[in-house]
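Please work through the exercises below with the sequence and the three-dimensional structure at hand.

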Amino acid sequence: MTTEGRRRTVRELEREFNRLFVRRRFNALQIARRLDPQIEPASYSVLAILQQDGRQRMTSIARQLGIGKPTLSRQLATLAERGLVTKDTDPLDGRAQLISLTQEGLERLQSAQRERAERYLAMLETWEETDIETLSGLLSKLNRTYADFDAEQGPSYGEEEVRP
């Protein structure tokens, strides 16, 4: 049974997440503009997933982002036109495509990330290093908790589980 105090605390956490996510969307817009003014802000997340996890199927990317295939397909078409990603036929399944970052895409993404890291460094200048470490550790713990919870809940958005 959950106490009312815990419920209030979790509601306040949810409000802070909302504020953070609004800021994150604004940051994504800024980064996307630095990468290429023609791409959507949400495309930054596509590029970041490819950077972190490497080449993968479109279904895997869509699942990680919680978006539909038509939305992702439109983003990927723009990213490919702009020379930031490539789409190749999956040798294990000719109907599927494998998406990869191009060298140019990687370089432009890393450049934008360096700029953002410098912004964070300046923004957090007044913070104690231990506070930054604590926040990073707690966010890492939260991300693991999300992943574990989602794995227990099964596929979302009414889709079958697809393995990359």
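The exercises that follow concern a predicted model.

**Exercise 1. Overall layout**

Task: State how many helices and strands the protein chain has, and in which pattern they follow one another along the sequence.

Solution. 
Step 1. The secondary structure consists of six helices and three strands.
Step 2. Read along the sequence, these elements give the pattern α-α-β-α-α-β-β-α-α.
Step 3. The C-alpha trace spans about 55 × 40 × 25 Å along its principal axes.
Step 4. Of the 164 residues in the protein chain, 24% are buried.
Step 5. A UniProt record, an unreviewed entry, places the feature "domain: HTH marR-type" at residues 6–144. Over residues 6–144 the chain is 71% helix and 12% strand, and the end C-alpha atoms of this stretch are 21 Å apart.

**Exercise 2. Salt bridges between separate parts of the chain**

Task: For the salt bridges Arg-108 with Asp-36 and Arg-74 with Glu-40, identify which parts of the chain are joined and classify each residue as buried, partly exposed or exposed.

Solution. 
Step 1. Side chains of opposite charge can pair when their charged atoms come close.
Step 2. In the pair formed by Arg-108 and Asp-36, the closest N and O atoms are 3.3 Å apart. Arg-108 belongs to helix H5 (residues 103–123) and Asp-36 to the loop between helix H1 (4–35) and H2, so the pair ties together parts that are 72 residues apart in sequence.
Step 3. The classification uses a cut-off: a residue is buried under 20% relative accessible area and exposed over 50%. Asp-36, at 4%, is therefore buried, whereas Arg-108, at 23%, is partly exposed.
Step 4. Arg-74 and Glu-40 meet in a salt bridge with an N to O distance of 3.2 Å. Arg-74 is in helix H4 (residues 69–81) and Glu-40 in the loop between H1 and H2, 34 residues apart.
Step 5. Arg-74 has a relative accessibility of 45% and counts as partly exposed; Glu-40, at 30%, also counts as partly exposed.

**Exercise 3. A network of charges**

Task: Name the residues linked to Arg-19 in a network of salt bridges.

Solution. 
Step 1. The structure holds 11 salt bridges. One of them joins Arg-19 to Glu-12, with the closest N and O atoms 3.8 Å apart.
Step 2. The network links Glu-12, Arg-15, Glu-16 and Arg-19.
Step 3. Arg-19 is partly exposed at 44% relative accessible area, and Glu-12 is partly exposed at 32%.

**Exercise 4. The surroundings of Gln-75**

Task: Is Gln-75 buried or exposed, and which residues does Gln-75 touch?

Solution. 
Step 1. Gln-75 is located in helix H4.
Step 2. Its relative accessibility is 3%, so Gln-75 counts as buried.
Step 3. Leaving aside residues up to four places away in sequence, Gln-75 touches Glu-40, Ala-42, Ser-43, Val-46 and Ile-67.

**Exercise 5. Confidence in the model**

Task: Identify where pLDDT stays under 50.

Solution. 
Step 1. The protein chain averages a pLDDT of 88, and 93% of the residues score at least 70.
Step 2. Among the elements, S1 has the highest mean pLDDT (94) and H1 the lowest (89).
Step 3. Over residues 157–164 pLDDT stays under 50; for this stretch the model has 10 contacts beyond four places in sequence.
Step 4. Where pLDDT is low, the predicted coordinates should not be read in detail.

Technical notes:
Residues numbered from 1 in each chain as written. Predicted model: local features only at pLDDT ≥ 70, side-chain atom pairs only at ≥ 80, totals over all residues. Heavy atoms only, no water. Salt bridge = Lys/Arg side-chain N within 4 Å of Asp/Glu carboxyl O. Buried < 20%, exposed > 50% of the residue type's maximum accessible area, 1.4 Å probe, protein only. Helix = DSSP H or I, 4+ residues; strand = E, 2+ residues; numbered from the N terminus. UniProt positions renumbered as here; feature names shortened; annotations may be inferred. pLDDT = per-residue confidence, 0-100. Contact = heavy atoms within 4.5 Å.
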